[in-house]
Amino acid sequence: MNTKAGKKLAAKLEQPGLVFDVSDHLIKTLKLSRCVAGPAATRTGMALYYSVAGWAHDTLLVKIPQSDKENADPMPGVPSWLREVKESEWLAVQGK
């Protein structure tokens with residue numbers, strides 16, 4: 001709103017301490033954090049892959065990177081109410 005109160009609220013909402021990362025919050029709440037080092041998809045060298053989470057069409061999506069190597073965090077315990085899906089279903093839920 002283009003009022004004094006609206007401008008004051010907008011200034012407060014732009015404070016750096018008010019940033020909320022939904023993915024980070026979900027991963028921490030579900031205790032599904034994992035980091036894996038592996039080959040980069042578009043360049044030479046190594047890349048780090050982290051667990052991510054989010055909501056799409058009333059569906060909770062969590063992606064946990066897999067690794068055959070020993071340079072990864074241990075695989076977290078996945079709650080029984082979550083299920084693994086094929087990549088095609090993962091993309092369909094996201095509307096891709």
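Analyst: A residue counts as buried when its relative accessible area is under 20%, as exposed when that area is over 50%, and as partly exposed in between, with a 1.4 Å probe and protein chains only. The structure is a predicted model, in which local features need pLDDT of at least 70 and side-chain atom pairs count only at pLDDT 80 or more, while totals for chains, interfaces and linings use all residues. Residues are numbered from 1 along each chain as its sequence is written, and side-chain values use heavy atoms, with hydrogens and water left out.

User: Is Glu89 buried, exposed or partly exposed, and what is its relative accessible area?

Analyst: Glu89 is partly exposed because its relative accessible area is 31%.

User: What partner does Glu89 have in a salt bridge?

Analyst: Side chains of opposite charge can pair when their charged atoms come close. The term salt bridge requires a side-chain nitrogen of Lys or Arg within 4 Å of a carboxyl oxygen of Asp or Glu. Here Glu89 is paired with Arg83, at 2.7 Å from N to O. Arg83 has a relative accessible area of 60% and is therefore exposed.

User: How many salt bridges does the structure hold, and which residue pairs with Lys28?

Analyst: There are two salt bridges. Lys28 is bridged to Asp24, and their closest N and O atoms are 3.3 Å apart. Helices (H or I, at least four residues) and strands (E, at least two) are DSSP runs, numbered from the N terminus. Both Lys28 and Asp24 belong to helix 2 (residues 22-30), where they are four residues apart, about one turn of the helix. Lys28 is exposed because its relative accessibility is 59%, whereas Asp24, at 34%, is partly exposed.

User: Which residues make up the largest nonpolar core?

Analyst: A nonpolar core is a set of buried Ala, Val, Leu, Ile, Met, Phe, Trp, Tyr and Cys residues joined through side-chain atoms within 4.5 Å. In this structure the largest one has eight residues: Leu26, Ile27, Leu30, Leu32, Ala53, Leu60, Val62 and Ile64. At least two of its residues come from helix 2, and at least two from strand 4. Helix 2 gives the largest share, three residues. Among the contacts of Leu32, leaving out residues up to four places away in sequence, are Ile27, Val62, Ile64 and Pro76.

User: What is the volume of the largest pocket, and which residues lie nearest its centre?

Analyst: On a 1 Å grid over the protein atoms alone, a cavity is a set of points where a 1.4 Å probe fits but cannot get out, whereas a pocket is an open set with protein on both sides within 12 Å along at least five of seven lines; lining residues have an atom within 4 Å of a point. Grid points are joined across faces, edges and corners, and a volume is the space filled by probe spheres set on the points. The largest pocket holds about 710 Å³ of space. Its lining numbers 21 residues, with Val62, Arg83, Glu84, Val85 and Trp90 nearest the centre. Strand 4 (59-63) and helix 3 (87-93) each contribute at least two residues to that lining.

User: How many residues of each class are in this lining?

Analyst: Ala, Val, Leu, Ile, Met, Phe, Trp, Tyr, Cys and Pro count as nonpolar, Asp, Glu, Lys and Arg as charged, and the others, Gly among them, as polar. The lining has 13 nonpolar, two polar and six charged residues.

User: Where does Gly38 lie, and is Gly38 buried or exposed?

Analyst: Gly38 is in strand 1 (residues 35-39). With a relative accessible area of 5%, Gly38 is buried. Beyond its neighbours within four places in sequence, Gly38 is in contact with Gly45, Met46, Ala47 and Tyr49. Tyr49 lies in strand 2 (residues 46-50) and is partly exposed, at 33%.

User: Which loop holds Lys31, and what is the phi of Lys31?

Analyst: Lys31 lies in the loop between helix 2 and strand 1. Its phi is positive, about 55 degrees, although Lys31 is not a glycine. His57, in the loop between strand 3 (52-56) and strand 4, also is not a glycine and has a positive phi near 50 degrees. Lys31 is exposed at 64% relative accessibility, and His57 is exposed at 65%.

Key. Contact = heavy atoms within 4.5 Å.
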